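User: I would like to go through the strand pairing in a model. Could you take my questions one at a time?

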Amino acid sequence: MTDSSEASATEPLPLAGIRVLDFSQYLAGPSCALRLADLGADVIKVERGDGGDQCRKLVIANQRFGDDSVLFHTINRNKRSFAADLKKPQDMAQVHRLIAQSDVMIHNFRPGVMERLGLSWEAVRQINPRVVYGAVTGYGVVGPWRDKPGQDLLVQSLSGMAWLSGDADQGPVPSGVPAADILTGAHLAQGILAALVRRAVTGRGARVDVSLMESLFDLQFEIFTAYLRDGKAPQRGKVNSAGVVSAAPYGIYATSDGYLAIAMTPVDRLGQLLGCESLLAFDDPLTWFAQRDTIKALLRDHLATQTTQHWLDRLEPADVWCARVLDWPQLVEHDAFKALELTQELRYADGQSLMTTRCPIRVDGQRITATRGAPLLGEHTDEIRAEFSLVQPA
């Protein structure tokens with residue numbers, strides 16, 4: 001469902017008419033289903049009647065919205081909720097009817113769970129040969145890690161990613177956002193969309209598998225490829241490290257009133273622009289990585305003597321890749337943030353509303369926004385039963 005002011009006047013959203021059954025919980029699977037819903041799919045969230053998606057109780061920053069967590073509402077907007085106990089034959093019969101009339105099915109249970117419930121890929125494609133079956137796991141379906149809990153921080157730690165951030169003396173530093181979950185959800189959406197395109201040609205459904213481990217590993221492709229070439233584990237710098245394979249000046253530096261990010265720039269040219277004579281000696285590009293800590297220390301001390309704006313006034317006219325480092329209060333007040341209209345307001349039947357992020361994709365030049373918030377547990381069960389002519393369980 002899109003805001004009428006944003007929807008194209010002549011074209012429906014790309015996934016209009018596609019029906020998705022979302023059995024997943026927490027973040028990775030639901031984030032995939034969220035993006036499909038943003039793009040026009042009808043997403044039916046299948047939940048246990050006695051508590052539903054456990055993300056409903058996963059409270060972050062001590063924030064709730066009604067009886068559920070704000071997190072649940074941000075990642076399950078624009079979906080419908082159907083309550084079912086998959087261990088009850090009468091409820092499972094209804095689920096089978098839904099599968100038979102759906103295009104996509106998503107789950108993120110550990111390996112073996114859906115098989116025990118009778119909803120394996122083999123079983124589901126017997127019900128609907130055209131269905132695209134998407135599955136998320138923590139570490140794939142083979143190997144000694146297959147049954148480990150697929151949690152974002154744990155996967156960041158096991159994948160090596162936590163060793164890539166921060167200075168060398170800091171120890172491992174995890175990402176400040178659930179990178180594994182959200183990236184894996186995006187990969188699942190990509191795979192599902194590709195399978196739907198193939199189905200349009202061949203008529204065949206498909207199984208799409210992704211895992212948190214494989215997604216985070218893929219994210220490290222650039223750095224890991226360098227490791228494969230020389231066999232040397234990446235070493236973080238000791239000063240303002242912002243990339244284990246990046247040469248100076250790449251990093252974030254304190255100024256007298258804030259912080260300044262500087263990306264790839266010839267060090268000696270940077271010295272000229274900043275009036276830092278000690279940097280002029282580094283005119284050999286090979287030194288920019290080999291002596292990155294020495295260079296960054298000189299740059300750190302020099303940049304601390306003036307304001308961020310002072311340095312931007314020198315660097316930006318010279319087309320140096322640099323930026324002020326903003327916190328969220330500064331960001332939301334900036335005209336650039338306001339111009340992009342990055343937030344949206346979800347509205348609820350009881351009159352409440354919730355501000356959150358919007359879909360980052362534009363279609364035909366139009367922003368995609370949703371006005372319908374996340375569903376109450378089982379809110380649409382009766383509606384869906386009537387729509388699909390499902391018999392009410394005794």
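User: In which sense do β9 and β10 pair, and over how many bridges?

Analyst: This is a predicted model. In it, β9 and strand β10, residues 259-262, pair in the antiparallel sense over 4 bridges.

User: Which residue in β10 is the bridge partner of Tyr253?

Analyst: The bridge partner of Tyr253 in that strand is Leu260.

User: And what is the strand order in the open sheet?

Analyst: The order is β9-β10-β11; the sheet has 3 strands and its pairing is antiparallel. β9 (251-254) and β11 (322-324) stand at the edges with a single partner strand each, so one side of each has no neighbour in the sheet. On average, neighbouring strands of this sheet are turned by 25° against each other, with direction ignored.

User: Which helix packs on the sheet, and which strands does it touch?

Analyst: Helix α12, residues 292-303, packs there and touches β9 and β10. The direction of α12 makes about 40° with that of β9.

User: Changing topic to β12: which side chains are buried along that strand?

Analyst: Gln344 and Leu346 point to one face of β12 (residues 343-347) and are buried.

User: What is the bridge partner of Gln344 in β13?

Analyst: Gln344 has Thr356 as its bridge partner in β13. β12 and strand β13 (residues 353-357) pair in the antiparallel sense over 5 bridges.

User: How many residues lie between the strands of that hairpin, and which one takes a positive phi?

Analyst: The hairpin of β12 and β13 has 5 residues between the strands, and Gly351 takes a positive phi near 95°.

Conventions: Residues are numbered from 1 along each chain as its sequence is written. This is a predicted model: local features need pLDDT of at least 70, side-chain atom pairs count only at pLDDT 80 or more; totals for chains, interfaces and linings use all residues. Side-chain values use heavy atoms; hydrogens and water are left out. Two strands pair if DSSP finds at least two bridges between them. Helices (H or I, at least four residues) and strands (E, at least two) are DSSP runs, numbered from the N terminus. Axes are lines fitted to C-alpha atoms, for helices over the stretch in contact, and angles run from 0 to 180 degrees between N-to-C directions. Contact means heavy atoms within 4.5 Å. Buried means under 20% relative accessible area, exposed over 50%, partly exposed in between (1.4 Å probe, protein chains only).
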